[in-house]
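Me: I am new to this structure. Could you show me how to read its features, one at a time?

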Amino acid sequence: MLNVSRTDVDSEYAFEVTAEETLSRRDRIRHRVDQFLLAPARILWTDWRARIGLVIIGLFLFLSLIGPSLVERPEPLGPLLAPPWPWGTLEYPLGTTYLGQSILSQLVHGAPNMLKMILSGALFTVIVATVIGTTAGYKGGTVDGVLMTISDIAMTIPGLPLVIILAASLPIAGNPYLIGILLSINAWAGLARSLRSQVLTLRESEYVEASRIMDISLTRILGIDIIPNLMPYIAMNFVQQARWVIFNSVALYFLGVLPYSSTNWGVMMNSAYQKAGAVTSLEAFHWLAVPMFAVVLVALGLTLLAQSADRLFNPRVRARHAETVTGENGPEDEEESEPTTSVGAVS
Amino acid sequence: MNYVLKRTGRAVFTVWAVITLTFGLIRLLPGGPMQALRGYLMQQNPSITTSELQARIEALTAISPDEPIWVQYGNYLWGLLHGDLGQSVWLNKPVSTVLAERAPWTLFIMTTGLFLMFVIGIGLGAFMAYREGSNFDVATTGIGILLQSVPFYVVGLVLIAFVGYQWELLPTGGHYASSVTPGLNLPFVFSSIKHATLPVGSLVLTGFGGWALNMRGNSIRILGEDYLRVARLRGLSEGRIALRYVGRNALLPMYTLLLISIGYMFGGSVILEEIFAYPGLGRKLIQSIGRRDFPVMMGAFLLITIAVVIGVFIADLTYGLIDPRASGGAERESY
């Protein structure tokens, strides 16, 4: 029981669903959560890079989801341009702005907008790319030709200038979700292309051919036979796109070319640079440095996550590890068998 | 031959698509550039008559708003083919003149940056792969991951603050010192390089890590291939194996990556040039948005895109020379 591989778990689980009437809806949801969220998280946890990455991203989520209700809104009440903690007071641990607002509070209240932009941008990219890439790869022929020509054009248009032009022309107010999508407006193209080439090999496999012979609809074949195989790759690109959105949203807000309704890290950098001259004099540099550091930290977390995900999902790296480091084989198998144990425990 | 024709067709098609997109953006968007321009002109001169207004808009944007849309579109295309990008609202000069001064500088820093990143990254990556598992490899991999997470503008700002303002070692903006005369003379060349050091440096510092990691991964994958073992058994020299067997095969995917990054790099010029006050196309684009100077904005966008299309086109054609498999492209069965 303890040494079954993942695919065995899936099939066994599927059989149990049909066999056992006692499995309630809640249990089933719990299994799903365990299978798709907890188990991968446990596997990720074995890699030190992923561990650091998860901690950083967890911190960022905490900051943006719960932080604003813990820290007061930035009010211009403190001393002007107070230095951060070791040089200043603990009342303003990250120092203050030229108006006397707490920089920590600005950072915390800017975080939710960052999260919204990142999520919408990365989701938009991944969904559009998956739909277009898998359809083109699977259908082939004219559909493929047309879709790939569109992707090639979208890929060639330089993204940032296009984003700037659209932001200047379109009547979008500072809605962070829309800004996130706008920033990813042509980012799907590259991913769509690489997904297509992966589908090319999948479409010829026996189980896909079986589905085709049984006259199963296109969306079902794509959704059930094809896309699950691509999920690790898609997940990795989700993380990479998230990094892209955070880099470029901050950059464009810093340059002051995107509209905004409430503060975020790029806007912070913009005011530090424009209003306090944070680059020319070191007195205000901390105001600029804090959001910059936050961006780098979140990006580092995302990079580490993407890197380790690559290692874990990449069968080549896995196989190599299994060959060279036999000692690590044990714990890894144990991690994988975790879902089985919990399934057994419930039933 | 067929391959070359196909690629040429695609490049032309892409340029046409972008032109159409810009035309659509100028003309069709409600509250878009065209109406903003109309509002701006009426505000400048409240007593302007309708026909005068139309004539002025036509002169500025190379689009005449009265005529049917396909005639406008045709005229716009025809004008572009003759290098007529319209007239700058702010500078009162033809857009093509304004941009022609800027384009070489963008090309200069972007190609230098991309070239240095590529060369340093590939050299380092190959070396890391040969020393796989050593302390050197682990340390550089760590640094590479760290550098990948730092946006180039962050490094740029730190460089400006310290190297530029605190230590006053290098200039913080501009493309050459006002004391030198442009032309092929030593002070001018030296001054241009000095002014380009910080922008190019911030690009290379943050960029080479990613290239190195990629090259390392490719090389390690190829080092495990069977044909390499065969080459060793045949008694080929290490140098020949490193260059012809590992280097060449590991470089192929990097070349595709180079193709994709041309677009990213030129897109990034918008941020880079603005931060370093470097007078290139990207900075002009941002400036023209602030001034609501739409003809210049659209012109700069078109020009950046065309630069990318040409870059990708050249890379595409030469890729066919390096990898003969690329020109094949078998037709597949359609389901």
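Me: Over which residues of chain B does pLDDT stay under 50?

Reply: Start with the general idea. Where pLDDT is low, the predicted coordinates should not be read in detail. This is a predicted model, so that caution applies here. In chain B, pLDDT stays under 50 over residues 327–333. For that stretch the model has four contacts beyond four places in sequence. For chain B as a whole, the mean pLDDT is 80. Residues reaching 70 or more make up 91% of the chain.

Me: What ipTM and pTM does the predictor give the complex?

Reply: The ipTM is 0.79 and the pTM is 0.78.

Me: Now the interface. How many residues of chain B are in contact with chain A?

Reply: The size of an interface is often given as the accessible area lost when the parts come together. Here we count residues instead. On chain B, 44 residues are in contact with 38 residues of chain A. Several helices of chain B each supply at least two residues to this side, among them H1 (2–28), H6 (135–148) and H12 (294–322). H10(B) gives the largest share, eight residues. By type, the side of chain B that touches chain A has 29 nonpolar, eleven polar and four charged residues.

Me: Take a single residue. Is Leu85(B) buried or exposed?

Reply: Count the C-beta atoms around it. The cut-off for buried is 20 or more within 10 Å. Leu85(B) has 24, so Leu85(B) is buried. Leu85(B) sits in a loop, between helix H4 (69–81) and helix H5 (95–130) of chain B.

Me: Which residues does Leu85(B) touch, leaving out those up to four places away in sequence?

Reply: Leu85(B) touches Leu80(B), Val95(B), Ser96(B), Pro295(B) and Gly299(B). Leu85(B) and Leu99(B) are 14 residues apart in sequence, and their C-alpha atoms are 9.8 Å apart.

Me: Next, backbone angles. Where is Asp215(A) found, and what is its phi?

Reply: Asp215(A) is in the loop between helix H10 (206–213) and helix H11 (218–255) of chain A. Its phi is near 65°, a positive value in a residue other than glycine. Asp215(A) has 6 C-beta neighbours inside 10 Å, so Asp215(A) counts as exposed.

Me: What is phi for Ala277(B)?

Reply: Phi of Ala277(B) is near 45°, also positive in a residue other than glycine. Ala277(B) lies in the loop between H10 and H11 of chain B. With 15 C-beta neighbours inside 10 Å, Ala277(B) counts as partly exposed.

Me: Last, how many helices does chain A have?

Reply: Chain A has 15 helices and zero strands. Of its 347 residues, 43% count as buried.

Key
Residues are numbered from 1 along each chain as its sequence is written. Chains are lettered from A and ligands numbered from 1 in the order in which they are written. This is a predicted model: local features need pLDDT of at least 70, side-chain atom pairs count only at pLDDT 80 or more; totals for chains, interfaces and linings use all residues. Helices (H or I, at least four residues) and strands (E, at least two) are DSSP runs, numbered from the N terminus. A residue is buried if 20 or more other C-beta atoms lie within 10 Å of its own, exposed if 12 or fewer, and partly exposed in between; C-beta atoms are placed from the backbone. pLDDT is the predictor's confidence in each residue, from 0 to 100. Two residues are in contact if their C-beta atoms, placed from the backbone, lie within 7 Å. Ala, Val, Leu, Ile, Met, Phe, Trp, Tyr, Cys and Pro count as nonpolar, Asp, Glu, Lys and Arg as charged, and the others, Gly among them, as polar.
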